[in-house]
Amino acid sequence: MNFKVYWDGACSEDKIRNFAPKNVDGFVLGTTLLFGKSKPYGETLQNIRELKLG
């Protein structure tokens, strides 16, 4: 079968670090990591892109 897996809900940095190397195709970011935090969205997204995975 050909399908993609996206994680939606409680996507924290540690879950992204853990599951991205296990072939999860994407993560839907929300209040756990992105919204309502003291950092600008762009900075948070850049930090996620720079995670050491695997």
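Modeller: Gladly! The accessible surface of the chain comes to about 4200 Å², and carbon and sulfur atoms hold 52% of that area. Please keep in mind that this is a predicted model.

Colleague: What pattern does the chain follow along the sequence?

Modeller: The pattern reads β-α-β-α, with two helices and two strands in the chain. The C-alpha atoms fill a box of roughly 40 × 20 × 15 Å along the principal axes.

Colleague: Why is threonine 44 called buried?

Modeller: Let's set the value against the cut-off. Buried means under 20% relative accessible area. Threonine 44 has 6% relative accessibility, so threonine 44 counts as buried. This residue is found in helix H2, which covers residues 41-49. Leaving out residues up to four places away in sequence, threonine 44 touches Leu33, Leu34 and Lys39.

Colleague: How much of the chain is buried?

Modeller: Of the 54 residues in the chain, 22% are buried.

Colleague: Why is serine 38 called exposed?

Modeller: Here the cut-off is the other one: exposed means over 50%. Serine 38 has a relative accessible area of 79%, and therefore serine 38 is exposed. You will find serine 38 in the loop between strand E2 (26-28) and H2. Serine 38 and asparagine 18 are 20 residues apart along the chain, and their C-alpha atoms are separated by 24 Å.

Colleague: Which residues make the nonpolar surface patch?

Modeller: Met1, Phe3 and Val5 make a nonpolar patch of about 410 Å². Patch residues need over 30% relative accessible area, and the 55% of phenylalanine 3 passes that cut-off, so this residue meets that part of the rule.

Colleague: What makes a group of residues a nonpolar core?

Modeller: The residues must be buried, of a listed nonpolar kind, and joined through side-chain atoms within 4.5 Å. The largest such core has seven residues: Cys11, Ile16, Leu29, Leu33, Leu34, Ile48 and Leu51.

Colleague: Which residues does leucine 33 touch?

Modeller: Not counting residues up to four places away in sequence, leucine 33 touches Cys11, Glu13, Ile16, Thr44 and Ile48.

Note on methods: Residues numbered from 1 in each chain as written. Predicted model: local features only at pLDDT ≥ 70, side-chain atom pairs only at ≥ 80, totals over all residues. Heavy atoms only, no water. Buried < 20%, exposed > 50% of the residue type's maximum accessible area, 1.4 Å probe, protein only. Contact = heavy atoms within 4.5 Å. Helix = DSSP H or I, 4+ residues; strand = E, 2+ residues; numbered from the N terminus. Patch = residues over 30% accessible without salt bridge, like charges linked within 9 Å, V, L, I, M, F, W, Y side chains within 5 Å. Areas by Shrake-Rupley, 256 points an atom, 1.4 Å probe, with all protein chains shown as cover. Salt bridge = Lys/Arg side-chain N within 4 Å of Asp/Glu carboxyl O.
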